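Here is a short note for someone opening this entry for the first time.

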Amino acid sequence: MLNCSNGHTLCSKCKHRVNNRCPSCYHEINNIRCLALERIAQSLDFPCSYQSHGCHEIFPYYDKLRHELQCKFRPYDCPCAGSRCSVTGDISTLLAHLTNDHKVDLHVGCTFNHRYVKSNPLEVQNATWMLTVFNCFDKHFCLHFEAFELGTEPMYMAFLLFMGEEDEAKDFSYSLEVGGNHRKLIWQGVPRSIRDSHRRVRDSHDGLLIPRNLALFFSGGDQQELKLRVMGRIWKEP
């Protein structure tokens, strides 16, 4: 809790919301702590801020703040890559947002076969493809495919994100396969939670990595156009 010069109190979170101006007297709020109110706050229990989303936990004030950083009921960020979308919400809210606002395809089933085409594969910067969402085992998964540079080498990458928490994601596994010219490349792993942004997953290389030269080899033809078919399967671990 913080004081303004006239003794009015405000929490640190609300201080930023009012642009460091006391809503009572409009004096500047400095970093002067109100120790008396802090001691009172420490003796009281408070509900989680995500109570309306389903969390019924109650904590002392500072334990509450620490809990809220990891609360499984806190909103998820939109998983779309490259859209800079600021929408947050629970899974049902995000599914409606993805289909209505991003026009994402929603598929039912645990196997998939997708084709990715790019007429000029030399353009690596900001090359992302439309997200695909799967309904499988009554859960939802997001398939990402994008191009980026690993050091100076252009790469393509495919990976799966689980729309839920990390502990639930570990109940599933998936495989991805890409190939051509009688060769193929296979990846098997565990989907990451959408709590991890697509950029974090990409930068950790936790997925199917395909160097551009190999991707063009798989594409066949004159190797001037990307034509990749990515097949995959999701299964639940026993």
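Is aspartate 203 buried, partly exposed or exposed? At 45% relative accessibility, aspartate 203 counts as partly exposed.

1. On the source of the coordinates: this is a predicted model. The mean pLDDT of the protein is 85, with 93% of its residues at 70 or more. Confidence is lowest in helix H2 (residues 35–42), where the mean is 70, and highest in strand S15 (residues 192–193), at 96.

2. On salt bridges in general: the count comes to eleven. Side chains of opposite charge can pair when their charged atoms come close. One of the pairs is arginine 202 with aspartate 203, whose closest N and O atoms are 3.2 Å apart. Arginine 202 is buried, with a relative accessible area of 12%, whereas aspartate 203 is partly exposed.

3. On arginine 192: this residue forms a salt bridge with aspartate 206, and the closest N and O atoms are 2.9 Å apart. Arginine 192 lies in strand S15 and aspartate 206 in the loop between helix H6 (198–203) and strand S16 (208–211), so the pair ties together parts that are 14 residues apart in sequence. Aspartate 206 counts as partly exposed, at 21% relative accessibility. Both residues belong to a network of salt bridges that links Arg192, Asp196, Arg200 and Asp206.

4. On lysine 184: its salt-bridge partner is glutamate 177, with 4.0 Å between the closest N and O atoms. Lysine 184 is exposed, at 55% relative accessibility, while glutamate 177 is partly exposed, at 24%.

5. On the disulfide: the structure holds one, and it joins cysteine 110 to cysteine 136 with an S to S distance of 2.0 Å. Cysteine 110 sits in the loop between strand S8 (105–108) and strand S9 (111–118), and cysteine 136 in strand S10 (residues 132–136), so the bond ties together parts that are 26 residues apart in sequence. The torsion about the S-S bond is about 105°, so the disulfide is right-handed. Cysteine 110 is partly exposed, at 23% relative accessibility, but cysteine 136 is buried, at 2%.

6. Cysteine 55 is buried, at 3% relative accessibility. Cysteine 71 is in no disulfide either, and the nearest cysteine sulfur, that of cysteine 55, is 3.8 Å away. Cysteine 71 is also buried, at 2%.

Notes
Residues numbered from 1 in each chain as written. Predicted model: local features only at pLDDT ≥ 70, side-chain atom pairs only at ≥ 80, totals over all residues. Heavy atoms only, no water. pLDDT = per-residue confidence, 0-100. Helix = DSSP H or I, 4+ residues; strand = E, 2+ residues; numbered from the N terminus. Salt bridge = Lys/Arg side-chain N within 4 Å of Asp/Glu carboxyl O. Buried < 20%, exposed > 50% of the residue type's maximum accessible area, 1.4 Å probe, protein only. Disulfide = S-S within 2.5 Å.
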